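Please read the following briefing alongside the sequence and the model.

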Amino acid sequence: DRFFGKSLDLAGKHILITAGPTYERIDPVRFIGNYSSGKMGYALAEEAAARGARVTLVSGHVSIAHDFSPSVDVVRVESARQMLDACEAAFADADAAIMCAAVADYAPAAPSDTKIKREGNEPPVIRLVKNPDIARTLGERKRSGQILVGFALETDHEGDNAISKLKSKNLDMIVLNSLRDAGAGFSTDTNKITIYTADGRTVPFPLKDKREVADDILDIMLTL
Ligand code: CTP
Ligand code: CA
């Protein structure tokens, strides 16, 4: 089974992928966000679809141009809360989920319904509350046979932090990218990853285009 030279080794599989940043509303015109470009998640969605999978891509706000095949269903969300709702709905029927999004850890406790005005006011203090952990929630809900993949972006103690997230979120594997590596991270077209699996493997990869990195991730997933 090949299609334009690609093996259709994910045919019949439904894969949930999260991508991009979440935006947490401060008032109608402002939010707390992060630098995630969505490129890694979008590359994963594209490669998984090219290998025959049906994909549900739950995406925060990104500005990359894309032209997906009909087998990718894009669900647009803004906040972590909305992303969780969309993921819970799609995960029930999914064979695997890849949590690539940069989910904001905190959201404003009481977003304002009206624009916060500058004139005559002291600088506001914005109190934050914890967002739900989407990966952990799916990890608790995982049925046997479902594969759950997380990402970790670390600046220090990378391997140890990645493995502790793998365990605490009940993941089957975690993809570490280090912000210390040149050419790896948010807005680049390349990435340098190390994969840790729950069955104890550590698989390092060289710096590659994000499309090839996506294929490496899907290859390791298939071994699980
Ligand atoms: N994640 C998630 N929901 C959150 C936070 C993180 O689903 N509220 C997912 C990310 O998509 C990623 C994994 O959990 O797959 C690890 O994210 P990361 O931010 O590295 O981990 P945290 O547990 O938030 O820990 P910290 O930011 O303190 O390092
Ligand atoms: Ca985090």
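Helix α5 has 14 residues, which at 1.5 Å a residue should span 20 Å, and its end C-alpha atoms are 20 Å apart, so the two values agree; the expected span is taken as 1.5 Å times one less than the number of residues. Helices (H or I, at least four residues) and strands (E, at least two) are DSSP runs, numbered from the N terminus. This is a predicted model, in which local features need pLDDT of at least 70 and side-chain atom pairs count only at pLDDT 80 or more, while totals for chains, interfaces and linings use all residues. Residues are numbered from 1 along each chain as its sequence is written, chains are lettered from A and ligands numbered from 1 in the order in which they are written, and side-chain values use heavy atoms, with hydrogens and water left out.

**Helix α5**
- Helix α5 (residues 210–223) lies across β8, β11, β12, β14 and β15, and runs at about 10 degrees to β14; axes are lines fitted to C-alpha atoms, for helices over the stretch in contact, and angles run from 0 to 180 degrees between N-to-C directions.
- Among the buried residues of α5 are Val213, Ala214, Ile217, Leu218 and Met221, where buried means under 20% relative accessible area, exposed over 50% and partly exposed in between (1.4 Å probe, protein chains only).
- At the start of α5, a side-chain oxygen of Asp209 comes to within 2.9 Å of the backbone nitrogen of Arg211.

**The sheet**
- An open sheet of mixed pairing is formed by 8 strands in the order β7-β6-β3-β8-β11-β12-β14-β15, and two strands pair if DSSP finds at least two bridges between them.
- Strands β7 (72–76) and β15 (202–204) stand at the edges with a single partner strand each, so one side of each has no neighbour in the sheet.
- From one strand to the next, the twist averages 15 degrees.
- Helix α3 (residues 134–141) packs on the sheet and touches β3 (14–19), β8 (96–99) and β11 (147–154), its direction making about 160 degrees with that of β8; contact means heavy atoms within 4.5 Å.

**Strand β14**
- Strand β14 (residues 193–197) runs antiparallel to β12 (residues 173–178), to which 5 bridges join it; Ile193 is the bridge partner of Asn177, and Thr194 is that of Leu176.
- On its other pairing, β14 is joined to β15 by 3 bridges, again antiparallel, and Tyr196 has Thr202 as its bridge partner.
- The two strands β14 and β15 form a hairpin with 4 residues between them, and Gly200 in the turn has a positive phi of about 95 degrees.
- Both faces of β14 are covered, with Ile193, Ile195 and Thr197 buried on one side and Thr194 and Tyr196 buried on the other.

**His14**
- His14 lies in strand β3 and is buried, with a relative accessible area of 5%.
- The side chain of His14 makes polar contacts with the side chains of Arg54 (3.4 Å) and Thr56 (2.7 Å); a polar contact is a pair of N or O atoms within 3.5 Å, and within protein one must be able to donate a hydrogen and the other to accept it, while residues adjacent in sequence count only if both atoms are side-chain atoms.

**Ligand 1**
- Ligand 1 is surrounded by 13 residues, the closest being Met99, Pro132, Ala135, Lys165 and Lys169, where a residue counts if one of its heavy atoms lies within 4 Å.
- An oxygen atom of ligand 1 lies 2.7 Å from an N or O atom in the side chain of Lys169.
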